[in-house]
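Here is a short report for a first look at this structure. Keep the sequence and the 3D view at hand while reading.

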Amino acid sequence: MYNLGYDLGSSSIKVALVSRKTGQRIDVIHEPEKEMEMLALQNDWAEQDPNIWWKYICVATKKILKKNNIDPSEIKGIGISYQMHGLVLIDNAGQTIRNAIIWCDGRAVDIGNKAFDEFGDSKCAEHLLNSPANFTASKLRWVKENEPALFQKVYKAMLPGEYIAFKLSNQCLTTISGLSEGIFWDFKEEAIAQWLLDYYEINKQLLPDIAPTFSNQGEVSKEASEATGLAIGTPILYRAGDQPNNALSLNVFNPGEIAATGGTSGVIYAITDNLSVKESSRVNNFAHINYSKENPFIGKLLCVNGAGIMYRWLLNNLQVESYEEMNELAEKIPVGSDGAIILPFGNGPERMLENKNLGCIIGNLNLNKHSKAHLCRAALEGIAFSFVYGMEILKSDGVRPSVIRAGNDNLFRSSIFSNTIATLINFEIEIYNTTGAIGAARACELVNGDYENFGNQIINNDYIMSYSPQEDKRDYKEAYLKWKKELETTLKNY
C-alpha cells in the first residue's frame, strides 16, 4: 500500500510515491519537463493559470501510477504541499475567475502597508504576528478594489494547495496554518481576523471552512478519478505550504528545531513557542502545521534572497565546469578567503535587511593575490555568514536553536558552507536526502498522531551525514566579524 504526495511549485509539479509501511521512496517525477509559464502583465506582477497546475497534476499522477504498475486502489492517502501566499478565486460553479496571483507578485504591497499604518504595529504584532504586507488577504483586497466585476463573482478565495484539494474532492477547506499564511488568522482571539476582513470589506464566507492539518480533507471525486487515474474515495489527509512542509519533511516540529534550505534563495524556518514579534519587520511568523491553542508552535521564517543565485552567478562567469569544481577550488583557500569578502545580496530587496537592496558587493580584492578560487571561497563564506546573521536575528526574536536539519541541495553539499554555519552557531547540521513531495506523502500517516514513527522513517530512509562544529573556531569567528562589520558599514551608508 502507498501514499501519494504532491508538491505544487511555481516552476513544476512534483509527485512522490512512498510506501505506507516504511515511508520508503518508490518514485518521484515532475511535470512539465520545461518550467511552467509565469505571466508578468506589469512590473512586479506574477500570475499563473491554476488550470495549468491541475493539468500537470493529472498528467503526473497517471504517469507515476503507470510507470510503477500501481493499482489505484493501492493508494491510501494523498498529501499536498504548495507554493505559499497565492490567491485563487472560484465562482459558485467551481470555475476559476482569473489567474492566480502568486507568491512573488508585489501588487498589493501598498494596500498591506496602508493597513499596517492605520492599525499600528502593536495591534498587528499582537493579533497577526505580522504586517498584512503583501500576503493573500491584501491580494484579495486588491482584486476588490481593481476588478470589482470579477470580485462580485467570487464564491471562495483559496490558497494554491486548497485549489488542488478542491479539484480532487469538490470540497473547499483550509487550515489554521493556511489562514495564518494568508494573514487571515488572529492568534490572540484564536479565530479568523474578522477586524481585518471588515477593514478590507471582505465577507468571511469567502474563506473555506477550517479542517485540522492532519485529517480527512475530502475524497477523490468521480470527475477527479477520471482525470487523474486515482480511485474514487481516495482521501486527502494532509495539506501545507512549502516551507512548513519542508520542515515536516525534515522532522522539524518542536521548539528549537530548525529547517534550512539553500537553493536559489535560502530559508531558515525555526520552530518556537515564543510569540515574540520583536523582529517582525525582518521575520515572518506563521502557525506551524502542529499549531494548537495548547501548543502554540510558530514557524519563524527568515529568507536570504542572495544565496544559491550568488554561487550560480559565479558558475556562469568564472569559466568553471561545475559546482563540484568550484567547491574543489574553494577548498584550496584558507578560512577567511585571505581577506576577500562577498556580500551576496544581489537578488532584490532583502527582508532581513529591512528591504534594503544592497546589490552584491565584492570587496577587499588584492589583484596581486586573489584568484577565482578566492572568489569561490568568499562566496560560500559570504552566503554562510548571511545564514549566521539571520540566525542572530532569530535568536533576538526568541528562537533557541537545538539542531538544524537541511536537505541535500546545492549549498549544503559544500563542506565549507555547512561547516562554516555549524561552527559559528555551535550546533550540528543534519543533512537529509528528501523532497517536499516525499514529505507530503509520508504526512498522510500523521493522521494517527504517531510522530515517533514518522521521525524514524525520515532517519531510516533519508539521513546522509552531519556537520559538527569545528573545535578551533578562531579563524571562523574572525572572518565572520570582518564580514559583519563590512555589512553593517554598508547598511549604515545605504
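## A surface patch

A residue counts as buried under 20% relative accessible area, as exposed over 50%, and as partly exposed in between. W313 has 47% relative accessibility, so it counts as partly exposed. The model is a predicted one.

W313 sits in helix α11, which covers residues 308-317. Together with I362, L365 and L367, W313 makes a nonpolar surface patch of about 450 Å².

Strand β1 spans residues 2-8 and runs antiparallel to β2, with seven bridges joining the two. Y2 has its bridge partner in β2, namely S19.

Strand β2 covers residues 13-19. Six of its seven residues are buried, so β2 is largely enclosed by the rest of the structure. On to the next strand: β3, residues 25-31, is antiparallel to β2 and joined to it by six bridges. Here V15 stands opposite I29 of β3. The hairpin of β2 and β3 has five residues between the strands. In that hairpin, G23 takes a positive phi near 75 degrees.

Strands of a sheet pair through backbone hydrogen bonds, either parallel or antiparallel.

One of the paired residues is G266, whose bridge partner in β17 is V304.

## Helices against the sheet

## Salt bridges

Side chains of opposite charge can pair when their charged atoms come close. How many salt bridges does a search of the whole structure find? The search finds 20.

One of them links E145 and R141, with the closest N and O atoms 2.9 Å apart. Both residues belong to helix α4 (residues 136-146). They are four residues apart there, so about one helical turn separates them. E145 has a relative accessible area of 43%, so it is partly exposed. R141 has 14% relative accessibility and therefore counts as buried.

Another salt bridge pairs E279 with R282, at 3.1 Å between the closest N and O atoms. Both of these residues are buried. Helix α13 holds a further pair, R377 and E381, four residues or about one helical turn apart. Their closest N and O atoms are 3.0 Å apart. R377 is buried, and E381 is buried too. Elsewhere, salt bridges that share partners join E47, R98, D105, R107 and E147 into one network.

Conventions:
Residues numbered from 1 in each chain as written. Predicted model: local features only at pLDDT ≥ 70, side-chain atom pairs only at ≥ 80, totals over all residues. Heavy atoms only, no water. Pairing = 2+ DSSP bridges. Patch = residues over 30% accessible without salt bridge, like charges linked within 9 Å, V, L, I, M, F, W, Y side chains within 5 Å. Areas by Shrake-Rupley, 256 points an atom, 1.4 Å probe, with all protein chains shown as cover. Salt bridge = Lys/Arg side-chain N within 4 Å of Asp/Glu carboxyl O. Buried < 20%, exposed > 50% of the residue type's maximum accessible area, 1.4 Å probe, protein only.
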